[in-house]
Amino acid sequence: MNAENSPPDSPLVIRDMTVAYGRKPVLWNVDYVSPSQKLIAIVGPNGAGKSTLLKAALGLIPRQNGEALFFGQPYQAVRQRVAYVPQRSSVDWDFPISALEVAAMGCYGRVGWFRSVNRDAKNTALAALEQVGLGDVARRQIGQLSGGQQQRVFLARALAQDADLYLMDEPFAAVDATTEQSIVSMLQALRDRGKTTIVVHHDLQTVSEYFDEVLLLNLRLIAAGTVSEVLTPQNLKATYGGQLSILDAVGQRMSARQSVTS
Amino acid sequence: MSYNALLVLSGTMLLGASCGLMGVFLTLRRQVLLSDVISHAALPGVAMAFLLGLWLAPEKAGTLPWLVGGSMFASGVAVLICFALQQVKPLWGEAAFGIPLGGFLALGVVFFSIIQQVPSGNAAGLEGLLFGRAAALSSTDVLLLGGLAGIVVIVCLLLRKELLLIAFDREFAIAQGLPVALLDTLLTGMTAAICVLALPMVGFLLVVALMVTPAAAARFWSDRLGLMIPVSVVLGMVSAGLGTLISGQLEYVPTGPAIVLCATMFFAISVCFGSSHGFIYQWWSQRLLKQEQLLDDLLRSTYEEFEAATAKLQSATMAPAQTGHADLPQLALDNRLSGVHPLTVAPDEFWLNQAVCFPKSIPTKDLSLLKQLAVNRGYLRIDSAGQWRMTELGWQKAKAVVLRHRLLELYLIEHAEFPPAQGDRTADLLEHALGPHTVDELKILLRIDFGQGVIRSPHPLEATSVREVAP
């Protein structure tokens, strides 16, 4: 690992992070140092804790143990440099709000408290929407957009924030192949501008085509590194194979026992 | 109208407006039941405050600040209990709210029964709080209620952006570093405050209606929060004002029901005529759209009548091979290469002098309306001899409509591999949705560039039967 990628400058460093939902642990002792200016995929089976990893790193759900540093600092200190793109299903798309207003939310941090969204923010948001090819539907209510367009509105909101690290939760879920391609080329353009992107991804087939680095996850970190290093038969077997059932069973037993005793 | 009555009226209107505002956030956050809990918990709060007042300071027991304080306290406790219950596993959202609601209501009724037994209880005017009695308010009461409501409104408007964000996307709001828990508490607190402040006016049974109804009505007028908020505020304000006036005229009608009936009436109007989701509005705009489509169809059929008529004229002088439609895809290609339709080479003025034939494909019931519409738009005219003729404008429009249809048809046949007959039918359905922008795109895609002309139809035009020539 060269000096540029050493921990203090790394966009995301996770140290010994354990996360539990309720009483059931869903991530065990994850240690990870992300390289910078790369397109990184988090891959693993359903329920492997992929989304949880991002959310816990951002502090959206509590960590039981461990810490996450962004650019060598706690998240609170560098919020504006980190953009989070939640799953599309996490919001109510009937909400009476336009694509432009959603994209402008990326600028709220710069606009500040008590002020209404100013012209600067609106222009930034519109530029971001144009960048993702939604310039002509900017004024539409978000419920009138297709699934792929909704996903791109979220992307535009992150772009409007102009961050250095982008954390995306399943941006390819339920979008058509064309949208997937256009999102990938946008992410690659971000990387070429020196940004880092970490994406929760569900499709093992396209990992080597889309991404530079990959992080294999199944309740614990199996392997992380460049795509060619990590995607070995042994690693994949460890991620998707049956050996993990014991760890899972232990988690469930722990939760069952504690709910009896408490 | 006396000064006091005017003050009461403006006070209730301000409270109505603030109810409309808070209602927008309540409905967006799907927390309507919360305001129900707040208002029902206010009942035992008021009763307790009254009893406590009798014991501590009898001369102040029935006064408004005392009662408002009591209901705020009880509502706060109820909300806290609700939120705590929400965290408990086997309970689901509605039960967590419904159970405290019932409990507090029952408690309130018990307290009220006790108050009825107390000598000064009947005279205290607590019944006003059941259904509201704005006329009973003194000017100091109104200033207190209105002032507090004003503060809430200002805070709410200042924090509009932040409150909107936590309502829309909580996770993103947390990630952005907003103090979500604090904002939640603030918003709930402000909702409780407005609820309680509106009690003397609307009564605790109906306060929810005044919060929810204007906001729900506003949703039928707009898909944009920027418009929804003012509409809801105005509806709340006007309902409150009207209701107060009505109840002022008919003294036996409490204020609350009068206000809520007005709000419900506005809701009914909005459901019908709202410019975004109102169903009569939608039906009407569908109808206008349909007429627009029929008008396009009329122009296109008329154009094609002309075309068929000329083809007959010309076929007498031309070789038969040139008029046949043997190989359709080949013909489509020919069209693109030859560009200008040979039949439109005749000067436009020639066609303007031909009598218009109305084809049978236009339904009889629509025909007279369509004729009227076409005349209003300046597409058709009746000349001095009573003959229907196209105007210059109508002719240009007809050419554009025909070109649009044929471009789409050609596109469907060449690019989407539709069989020619199906291409025509599908184009019939889709063509009305094409904007000028898409037409230009089609021209580029099909490599058709010939200025204003019209291309030949990719399929043979059947001679349609003509309905009538005279008007």
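Modeller: Let's take α6 of chain A, residues 177-192: its 16 residues reach 23 Å from first C-alpha to last, close to the 22 Å expected at 1.5 Å a residue. Helices here are DSSP runs of H or I with at least four residues, strands are E runs of at least two, both numbered from the N terminus, and the expected span is 1.5 Å times one less than the residue count. Bear in mind that this is a predicted model, with local features needing pLDDT of at least 70 and side-chain atom pairs pLDDT 80 or more, while totals for chains, interfaces and linings use all residues. Residues count from 1 along each chain as written, chains are lettered from A and ligands numbered from 1 in written order, and side-chain values use heavy atoms, without hydrogens or water.

So which way does the helix face? Buried (under 20% relative accessible area, with over 50% exposed and partly exposed in between, using a 1.4 Å probe and protein chains only) are T179(A), E180(A), I183(A), V184(A), M186(A), L187(A), L190(A) and R191(A). They sit on the same side of α6(A) because they cover an arc of only 160° around the axis, going by the directions from the axis to the C-beta atoms. Over on the other side, A177(A), T178(A) and D192(A) are exposed.

Contact, by the way, is heavy atoms within 4.5 Å.

Now the ends. At the start of α6(A), a side-chain oxygen of D176(A) comes to within 3.1 Å of the backbone nitrogen of T178(A). Just after the helix, G194(A) has a positive phi of about 90°.

On the chain A side, α2 (99-104), α3 (108-111) and α5 each supply at least two of the residues touching chain B. Counting everything, 34 residues of chain A are in contact with 25 of chain B.

Notes
A polar contact is a pair of N or O atoms within 3.5 Å; within protein, one must be able to donate a hydrogen and the other to accept it, and residues adjacent in sequence count only if both atoms are side-chain atoms.
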